[in-house]
Amino acid sequence: MYYNGIYHLFYQYNPKGAVWGNIVWAHSVSKDLINWKKLDPAIYPSKPFDQYGCWSGSATILPGNKPVILYTGIIDKNNTQVQNYAIPADLSDPYLTKWIKPDNNPLIVADISVNKTAFRDPTTAWWSGDDGHWRISIGGRRRERGMAFLYRSKDFVHWVKAKHPLHSRGGTGNWECPDFFPVSVFGKNGLDTSFVGSGIKYVLKVSLDVTRYEYYTLGTYSNEKDRYVPDKGMIDGWNGLRYDYGNFYASKSFFDPSKNRRILWGWANESDSTADDVKKGWAGVQLIPRTILLDPNGKQLLQWPIEEVETLRGKKVELSNRKLVKGEKVEIKGITAAQADVDVIFSFDSLDKAEPFDSNWDRYDAQKLCSQKGSTVEGGLGPFGILTLASENLEEYTPVFFRVFKAKDEHLVLMCSDATRSTLKEGNGAYRPSFAGFVDVDLTEKKLSLRSLIDNSVVESFGAGGKTCITSRVYPTLAIYGNAHLYAFNNGTQTIKIDSLNAWSMNKPLKMNQ
């Protein structure tokens, strides 16, 4: 949340080790979203209503500029979940260092119709002046039906469950970490969660416990009916839209009034083994914050790294009007390839060589297609893109690339971030997937853009201006620090041109959560 000039990040943390358990609300603060100061945990198990864990939740700024946290408490060994609140001990403290958990907790207890072991992660509240009520949604499931329960309150203390959920969908399993907020149809500013007016759509995001990925829909909502209705063509569940088609989960957005934007925070867990996590002493990272806007086509969101990350840019190299014929690659020299920001626009003269899209392929399983059509598999229009975190002789590399297909009545653009060749390291429990998503982009101008933020073990990529985003966690053994290389490549028969490529060495923040 943003409060009195300070950004606050609360995150799930185990102070006793690099494995799940002993969860507290760790707390860090920043004035610029880049340099962070670590504080003592804001919330930790200490009372009967949270003695077995303080799980996720959200912050809301109440009238009078008073922040309040709603969070899930675990009250017994059976994993029974209740919803609690916490308030700052001293509003004059600029960092809100200490938080109080009042004794009238819990505020919300599951009734007989709710699975009390799948009842968690309350959203930021939104206010309706029409009826004078606050509303929140809480994730859960009813058997295998994913649920976004809806609760109302006049005073933020006494909450009543609505007769109907905000939204639900059969066969999707438990819904975690729901997020519900409006986006502007026409403007380029973010909106406060309680904003009411014309020219808006609503976003409902859920984290699916079954797949460990996140999905969202766009739709309409009215306080009067208290029902969210996805737009026609939107899909709930694992065939639906995703914030990120890679290693990205349990995200949370908030409205930043200082710059009138909505910011998304995502978490990337490790793709290495648990033994490796324990050995290095930490697990999981917060990714670069992203701004969220509605795509002008009205059918999806656009995400882009916050502008503040550009303050970390150092030495810059440029490349333009460089053609890449089939099998060619060009090294991008002069920057720190292990820690870089790369922004490139590719173009091509024709779509004629796009490969036919086999009707037997699953249009919703881009990852499977990428695993079959990797960066070294020759195609027509593609694969082309960049090789990140590459060793000198390409024993290790993580390619981020496009491949264009011709379906019956349209062209389909596949975007991949393939970790299968990212490391020579072997180990049980390691996960090296070929993450992928399709990009809904107009190819009239015969151009595709790609931006990748590379940070040692993380590659965050944004295709076509943020239409499709993919995060990979990788663990090279050779392509590290000064031994990492960066290339642009083309393995398709269609010649590709690099219209422009800008790449920067990226500096470390002055304060890395210290």
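## Starting from Leu448

Which residues does Leu448 touch, leaving aside those up to four places away in sequence? In this predicted model, the list runs to Val344, Ile345, Phe346, Phe348, Phe384, Phe402, Val404, Val413, Val441 and Leu443.

Together with Leu166, Leu448 has the most contacts inside the largest nonpolar core, a set of 61 residues. The element that gives the most to this core is β17, with five residues. Apart from this core lies another one, made of 18 residues, including Leu70, Ile108, Phe119 and Tyr151.

## Two cavities

The structure has two cavities of 30 Å³ or more. The largest holds about 80 Å³ of space, and its lining is made by Thr172, Trp175, Leu204, Val206, Leu208, Tyr215, Tyr216, Thr217, Ile235, Asp236 and Gly237. Two strands, β17 (200-208) and β18 (213-222), are the elements that give two or more residues to this lining. Sorted by class, the lining has seven nonpolar residues, three polar and one charged.

The second largest cavity holds about 40 Å³. Around it you'll find Pro182, Val183, Ser184, Gly187, Asn189, Gly190, Leu191, Arg262, Ile292, Leu293 and Leu294. Here the elements giving two or more residues are β16 (175-184) and β23 (290-294). By class, this lining has six nonpolar, four polar and one charged residues.

## Salt bridges

Now for the charged pairs: the structure holds 38 salt bridges. One of them joins Lys373 and Glu355, whose closest N and O atoms are 3.2 Å apart. Lys373 lies in the loop between α2 (366-372) and β29 (381-390), while Glu355 is in strand β28 (residues 355-356), so this pair ties together parts that are 18 residues apart in sequence. Both Lys373 and Glu355 are buried. Some salt bridges share partners, and in this way Asp256, Lys259, Arg261, Glu307 and Glu308 are joined into one network.

Asp131 and Arg135 pair up too, with 2.6 Å from N to O. Are these two partners buried or exposed? Asp131 has 33% relative accessibility, so it counts as partly exposed, whereas Arg135 is buried, at 1%. In the salt bridge of Glu310 and Arg313, the N to O distance is 3.9 Å. Glu310 is partly exposed, with a relative accessible area of 35%, and Arg313 is partly exposed at 21%.

Notes:
Residues are numbered from 1 along each chain as its sequence is written. This is a predicted model: local features need pLDDT of at least 70, side-chain atom pairs count only at pLDDT 80 or more; totals for chains, interfaces and linings use all residues. Side-chain values use heavy atoms; hydrogens and water are left out. On a 1 Å grid over the protein atoms alone, a cavity is a set of points where a 1.4 Å probe fits but cannot get out, and a pocket is an open set with protein on both sides within 12 Å along at least five of seven lines; lining residues have an atom within 4 Å of a point. Grid points are joined across faces, edges and corners, and a volume is the space filled by probe spheres set on the points. Helices (H or I, at least four residues) and strands (E, at least two) are DSSP runs, numbered from the N terminus. Ala, Val, Leu, Ile, Met, Phe, Trp, Tyr, Cys and Pro count as nonpolar, Asp, Glu, Lys and Arg as charged, and the others, Gly among them, as polar. A nonpolar core is a set of buried Ala, Val, Leu, Ile, Met, Phe, Trp, Tyr and Cys residues joined through side-chain atoms within 4.5 Å. Buried means under 20% relative accessible area, exposed over 50%, partly exposed in between (1.4 Å probe, protein chains only). Contact means heavy atoms within 4.5 Å. A salt bridge is a side-chain nitrogen of Lys or Arg within 4 Å of a carboxyl oxygen of Asp or Glu.
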